[in-house]
Amino acid sequence: MRRRLSRWASGLASAAALAGATASQAATSFALDMPAQSLSVTLNRVARAGSVELAFDRGVTDRLRAPRLKGQFTVDQALTAVLVASGLSVQRTRDGAYVVKPASTLPAIKPKDEGDGAVSEILVLGRRNLNTGIRRTRDDIQPYDVALDDTIRTAGASDIEAFLRRAMPANAQSASLAQAPVANAASARSRLDLLGLGSGQTLVLVDGRRLPSVPDAVGNGAGFVQADINGVPLAAVERIEVLTAAAGALHGAGATGGVVNIILRRDYQGAEVGVTQGFTQHGGGLASRLDASIGRTSRDGRGGVSVRIGLAKDQGLDVGERSFGERALLANGADFAAGKIIAPYVPLGAAVNVTSSGGALTLKPAYGGGALGSAYTNFALSGFTAAEAVANAGKLNLELPADAFGETQSLTTRTLRRSLIVSARQEVGILEGFFDYLFLDNRGRALAPAGYAILSLSANSAYNPFEQSVYVSRSVPWDGLIRNRSASQRATAGLIARLPRGWMVEGDLSLSRSRVKVTNDARGAIINATLATAPDGFAGPGLSPFASQDAFLAAYRAYQVTNGAFMKQDDTLADFNLRASGPLWRLPGGPLTMTVIAEAARERTSGGESFAFDAISQAPLTLRGARLRLTTRSASAEWRAPLGAPDAPWLLRGLELQAAVRGDAYRMTAPQTYQSLGDGALAVTRPEMSEHTVLAKTLGLKTFAADGVMLRASYSEGHLPPRSDQVQSLILSVRFWPRTDPRRGGEILGAAGPLTIIQNGSPKLDPERARTYSLGVVVEPRWLTGARLSVDYLRTAKRHEITTFAAGDVAYFLAREASYPTRIVRAPLTDADRANGYTVGAVTLIDTSALNSGRSVVETFDVSAEYRRAVGQGSVSGYLRGVWLPSYRRIANPEKPWIETAGYSDGPLRFRALAGGQWTNDALSLGLNAQYYGRYRVAASGFTAAPTNLAIAQPHGSRIASQVYLDAFAGWSIGGRTQVQAIVHNLLDATPPLALAAPTGYSTYGDARERSFQISLTQRF
């Protein structure tokens, strides 16, 4: 009996997930017409026709026959008819899923979702999605965080990135691109960043498959960044799986910081339409969304098709619609007046602000003479008068300009997103074919300022009314619209074959493409304008910032750039996968399962094109980039071995091992630029290959130390091949270089013969490597039903990180020739050299390109607690999820000490948490959710050079205070087919704290909309 119970428990663990199915789905009748056949096939088709999740042990059902089934059935009626005389029965879980079990053991086994073993989800009978990855759960060997559709829906986020920032504390992302529209060229693309290692080290998948990378530049600086998933409508998401550990053995390149797998809903039955409207308490920020789906399953359950469309629009915010810009300007003015900000950074107001480059301002005799008694003053846009300058001495105008340098500048990006998802499946005998098409269109717009706002005048300039050299800040009412479009599409076709002994084989081909186009109509001024503050100008009319607005702009227009700029680039990806999954043999705890995968992928770009005007000559500049190509060949395998039976002795009870290994062979073709300096020859570009073979491993185990106490531990590896822009070199041939050779008596480099200098990237760079160790405990106390607590410690250590701290520094490498022997090449020692007392030949080549010298270590503690219990006709639940990141240490230069970045403005927060509660019954749901962001330093860690805005921001305060934002939601179900939901974001209307280092003047962990509301209506047909 125990062996039978064990077999059924383990069989269910390798069958389908117990995901939700609504009562209305189970009660809906549908037509079936199926012959007598394998019980597994019939159960699978019943699950599809009824759009429910159904778990069963194929090791048993493959050996049984189902009777002919024809007529109109509900799910319950169909299952009852199918299982008659089979010795099996069916039980429905509290999540709405169905579990088929032996009738005699039904009361003895508590249904629990323990995953599918090492079986790709697309190959599990009864599933409705096309996820090619192995389904992960929170109780997996590795500490996955899984968000289900109910959590996603009640969050009310605008896109997937916003949801993960709000609901996944492991996402260390500090800001979205849309929160700084001007700085990010109106991009609305996603940039997920697990652990704070950078978005390039978080792998993003949709249904276990890669999307094409998003190109972000043209030419030698072209690189491919994380796929954009902000166009995926949240209503189409079934669940999101997040792992904050190196995952190269499971998913290949790019998962050094972790992986995010977004699983989409498929096989819709009937039609569904949802509309959502969002608005804010303080005006602006209107947002609307439409989601619609329709699906149909064939009468015999063998085939089906579904279509989903999404349309979302957000009008964004302008700076003048919130107080952040005004607060930042006032704070900057106060710091400037206190002498904490140097003169060139004089604040820009609605009038003209003037400051001396040193000492108090003194008027020239022609303007009446006399000292102002202050280093700064201001005057109106109507033009300078000495009387006004004296009256305003010691005062700055700190009102926002009424143009794009102030009120009308975009504070958040205006977005328009469209999506289309089409899926179809059809069974023929033991084969099943499927097709899937995904189209995502993500557009952003922003209004940006144009022109130089700060001009300098020497003391002897005829336009300068003061005896001192001055800096003048003056708003220019020029602006332009930036448009940014990111579009991705993927078409996948595949075939699944059912084999004997529970094995399944699947092959698919995905063809995908991403396109980026950016246009910028903001026409600023050429550099000559900064040199034109003299009566004779500079290649144009003289420019006086002390003139009236009309006169100033009339002269300034002569220096305006002729036209705007644009960039377009695209990337294509062809990816073929062949996978097989199934059981190998039975172990005490269940079947040993395995998935093997072979993959071949090719990604390439067209090279792209960009256009702009030279900032000095105004000559048109057109750049066409070189083609880039990346081919990958991979083979991998993953095993799950349930060694311990449920009734085994201590520490062997429920013991399960996980092992995975993956080999990846990469070949990247990128251009190398050769240029000879001094002879007028044009640069020549030649393609060169960068090749690497990488092996990654994952090992893990979990066991039960006591009843309801699970221990888990894992080791995993990851790798990140050099990006395309990191392997592109600039190879210079020179006759001399202004540095001396310390080993040849200070001889000028190149004096003894030709010299080659290599700069920028290098095709010789190695992949970055990562290792993660995790140790955790999961407690589900039997004395407190519905409670769960998990605590996991993770340590990820990276090595061979690509650094540029010494890039281009010839002196650095010459002084350390012994440490970098392959980067300094010398000619053979000649007799003439010996006669001169030299012991080495002349330098012929110096490689100053990027290094693999960086290292980093990040440590985290992930805590998750929840409690759920029935109360009357409903249930209450509470949860707490948080990440404590005590350390993120980094080092680029091996001669320098480690630098701590956690808790600084350029590093991840030390604390992030999410807590909330919910009450639910059949018709009503009410809930609260709180997000906590720990305090952090205004200053940068020093790992990279601090930008100018940080230098300005640091005097204002040493830390940004911790932040708490509270959301509330309510949902109503009407008749099982109508859903109404209302959400209040930032219920207490908390204002994000001042953060001058941020481009928008506020801490971007907060939401610029402040208190906002969302109402949605969903109708099923």
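1. Burial terms. A residue is called buried under 20% relative accessible area, exposed over 50%, and partly exposed in between. The model under discussion is a predicted one. By this rule Arg501, at 77% relative accessibility, counts as exposed. Arg501 is placed in the loop that runs between strand 26 (479-498) and strand 27 (504-520). Its phi is near 60°, a positive value in a residue other than glycine.

2. A buried counterpart. Ala186 also has a positive phi, of about 60°, although it is not a glycine. The loop that holds Ala186 lies between helix 7 (160-167) and strand 9 (202-206). Is Ala186 buried or exposed? With a relative accessible area of 0%, Ala186 is buried.

3. The chain as a whole. The protein chain contains 14 helices and 53 strands. Its C-alpha trace spans about 110 × 80 × 50 Å along the principal axes. For 1021 residues, a compact globule would have a radius of gyration near 31 Å, and the 32 Å of the protein chain agrees with this. Buried residues account for 56% of the 1021 residues. The accessible surface comes to about 40600 Å², and carbon and sulfur atoms hold 57% of it. Of the contacts between residues at least 6 apart in sequence, 71% join residues at least 24 apart.

4. Strand 9 is mostly covered, with 5 of its 5 residues buried. In a regular strand the side chains alternate between the two faces of the sheet. Here Thr202, Val204 and Val206 point one way, Leu203 and Leu205 point the other way, and all are buried. Strand 9 runs parallel to strand 14 (residues 258-264), to which 5 bridges join it. Strand 9 also pairs with strand 10 (residues 209-210), in the antiparallel sense and over 2 bridges. Strands 9 and 10 form a hairpin with 2 residues between them, and Asp207 in the turn has a positive phi of about 60°.

5. An open sheet of 3 strands has the order 3-7-6, with mixed pairing. Strand 3 (54-55) and strand 6 (88-92) are at the edges with a single partner strand each, so one side of each has no neighbour in the sheet. Strand 6 pairs with strand 7 (residues 98-102) in the antiparallel sense, over 5 bridges. Within this pairing, Val99 of strand 7 is the bridge partner of Gln91.

6. The two sides of helix 11. In helix 11 (residues 549-556), the buried residues are Gln549, Phe552, Leu553, Ala555 and Tyr556. Viewed down the helix axis, these buried residues fall within an arc of 160°, so they line one face of helix 11. Asp550 and Ala554 are exposed on the other side. What do the buried residues of helix 11 pack against? They pack against strand 24 (454-457).

7. Asp403. This residue is found in the loop between helix 10 (386-391) and strand 21 (410-412). At 14% relative accessibility, Asp403 counts as buried. A polar atom of its side chain lies 2.8 Å from the backbone nitrogen of Phe405. Neighbours within four places in sequence aside, Asp403 is in contact with Thr408, Gln409, Ser475, Val476 and Pro477. Asp403 and Trp478 are separated by 75 residues in sequence, while their C-alpha atoms are 7.7 Å apart in space.

8. Ser581. Strand 28 (residues 565-587) contains Ser581. Ser581 is buried, with a relative accessible area of 1%. Its side chain and that of Thr595 are joined by a polar contact of 2.5 Å.

Definitions and conventions: Residues are numbered from 1 along each chain as its sequence is written. This is a predicted model: local features need pLDDT of at least 70, side-chain atom pairs count only at pLDDT 80 or more; totals for chains, interfaces and linings use all residues. Side-chain values use heavy atoms; hydrogens and water are left out. Two strands pair if DSSP finds at least two bridges between them. Helices (H or I, at least four residues) and strands (E, at least two) are DSSP runs, numbered from the N terminus. Buried means under 20% relative accessible area, exposed over 50%, partly exposed in between (1.4 Å probe, protein chains only). The arc is that of the directions from the helix axis to the C-beta atoms. Contact means heavy atoms within 4.5 Å. A polar contact is a pair of N or O atoms within 3.5 Å; within protein, one must be able to donate a hydrogen and the other to accept it, and residues adjacent in sequence count only if both atoms are side-chain atoms. The radius of gyration is taken over C-alpha atoms; the globule rule is 2.2 Å times the number of residues to the power 0.38. Accessible areas come from the Shrake-Rupley method with a 1.4 Å probe; for residues, only the protein chains shown count as cover.
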